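Trainee: Could you go through this one with me, starting with the contacts in one of the chains?

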Amino acid sequence: MHVSVAAEQIFSVFGIPVSNTMLTAWVAIFLLAISSYFATRHMRKIPSGIQNFYEWAIESLLGLMEGFMGDRKQTLKIFPLAATFFFFILVSNWMGLLPGFGSIGLFEEGNLIPFFRSATADLNTTLAFAMISVIIIQISGVMALGFFHYGKKFINFSSPINFFVGLLELISEFAKIISFSFRLFGSVFAGEVLLTIITGLVPYVVPLPFLGLELFFGGIQALVFVLLTVVFIKIATTEMAH
Amino acid sequence: MELKFVGIGLAIGLASIAAGLGIGKIVTQAIESTGRNPEAHGKIFNMMILGAALTEALAIYALVLSFMMLK
Amino acid sequence: MEALKNFGVNWPFFIAQLVNFAILFFLLKRFLYKPILDMLEKRRIEIEEGLAHAKKMGEDAKKFDAEHAELFQKAKKEAQAIVENAVHSGEKIRDGIMKDATAKSQEMTDAALLRIEEEKRKMLGEVKSEVFGLASSLAEKILREKMDSAHDKKFIEGLMNEK
């Protein structure tokens, strides 16, 4: 059994390589865009169907974020970003559990190159998300406290201890990128590997509980990504105690 | 050469033990506080997830490091 | 960077995912967040207005009720006053009428009694004088021959008084 850590290139358009994860990312984007377009095409006072669902999702997400931020205006400012993370990650995670993902493809040099692979099971995607998240955290910190005030958190010559604390803070900002990206990638990828192995051992019934578990973890990971982004923004925009 | 693999195994193994203990403690406390105050269930759950994610990060660093050592 | 390559990090793919995210971000912002957040805000404002309206209505009703009760109390008091007044004046009128009536009836009785007395006296006088005349003429006729008139008159008068 061969499981590739990296996403495979399946074809290229005008010289731009297209990987299987990019393909599923486009599918996810298409699904989300179409469903949200239909949800909000005819907005009604008394919501029903898909509009109701999206309203519920957005309202609960907003409430959750507000609980951490404590300020509605600030929450609304970062809400589009965080919610996009949430929906994209959630849809990608759950799409990876659909039949056909990782199993339909072409054989190349004896290895299966699947056409579809969950977008979040690719470090490129999660690294991109992590970069965006961390950059947004820095930007909101600078916007809230001012460039020099925020910078003092990292580069501080007032005393040797503060200098080292600042250095650690600086490292932890980079560590955030790693933890963001590898957490998501690791748990989704490991989940898929687990499912592949279990299905390879016992193809019927037995993988079902694991499938349910992965469904749960997919939701939790999306939530964790959003919550961490929100909390880090909260920390970055809050004045330090001393 | 074999010693390198032992080191890699130790790195990820020890980190996993520590992270597992940490997450276990977090979840224990979360369940305890939920039992004491069932009304705050939602808030405690979110905090628990957040704490678990932050603790998990340590194991993830170890995972990345061990992968880096592997090559 | 070399380690990242082991995980399959490939810069064109990475940039493509960044672009994907940006596309999704703007699509969702345009089609999902903006309309739904606007709708939620609108609904929130509407509910707030509704609640404020209901509160105002309730207060109005309470005020109206209080006014109503006050008015009712006032009307009751006034009615009572009117009734009392009426009773009072009625009593007064009755007393007056009674007094008047008694006085008048007294007067009338008095007058009637007086007249009766007078009549009686007059009649008595008349009767007396007539009877006296009649008797004296009768006696005179009867006893003209027998007695002198002076003696008879005395005797007859004595008889009359005896009766």
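Mentor: Keep in mind that this is a predicted model. In chain B, among contacts with a separation of 6 or more, 76% are between residues 24 or more positions apart.

Trainee: Okay, and what does the secondary structure of chain B come to?

Mentor: Chain B has two helices and zero strands, and its C-alpha atoms fill a box of roughly 55 × 15 × 10 Å along the principal axes.

Trainee: What's the radius of gyration of chain B, next to that of a compact globule?

Mentor: The value for chain B is 16 Å, whereas a compact globule of 71 residues would have one near 11 Å.

Trainee: And how much of chain B is buried?

Mentor: Buried residues account for 25% of its 71 residues. The accessible surface of chain B is about 4500 Å², and carbon and sulfur atoms hold 75% of that surface.

Trainee: Switching topic, how many residues does the largest nonpolar core have?

Mentor: That core has 80 residues, and A:I58, A:F79, A:F85, A:F87 and C:Y33 are those with the most contacts inside it. Among the elements giving two or more residues to the core are α2 (41-70) of chain B, α2 (11-143) of chain C and, from chain A, α7 (207-237).

Trainee: Which element gives the most to it?

Mentor: That is α7(A), which contributes 13 residues.

Definitions and conventions. Residues numbered from 1 in each chain as written. Chains lettered and ligands numbered in written order. Predicted model: local features only at pLDDT ≥ 70, side-chain atom pairs only at ≥ 80, totals over all residues. Heavy atoms only, no water. Helix = DSSP H or I, 4+ residues; strand = E, 2+ residues; numbered from the N terminus. Rg over C-alpha atoms; globule rule 2.2 N^0.38 Å. Buried < 20%, exposed > 50% of the residue type's maximum accessible area, 1.4 Å probe, protein only. Contact = heavy atoms within 4.5 Å. Areas by Shrake-Rupley, 256 points an atom, 1.4 Å probe, with all protein chains shown as cover. Core = buried A, V, L, I, M, F, W, Y, C linked by side-chain atoms within 4.5 Å.
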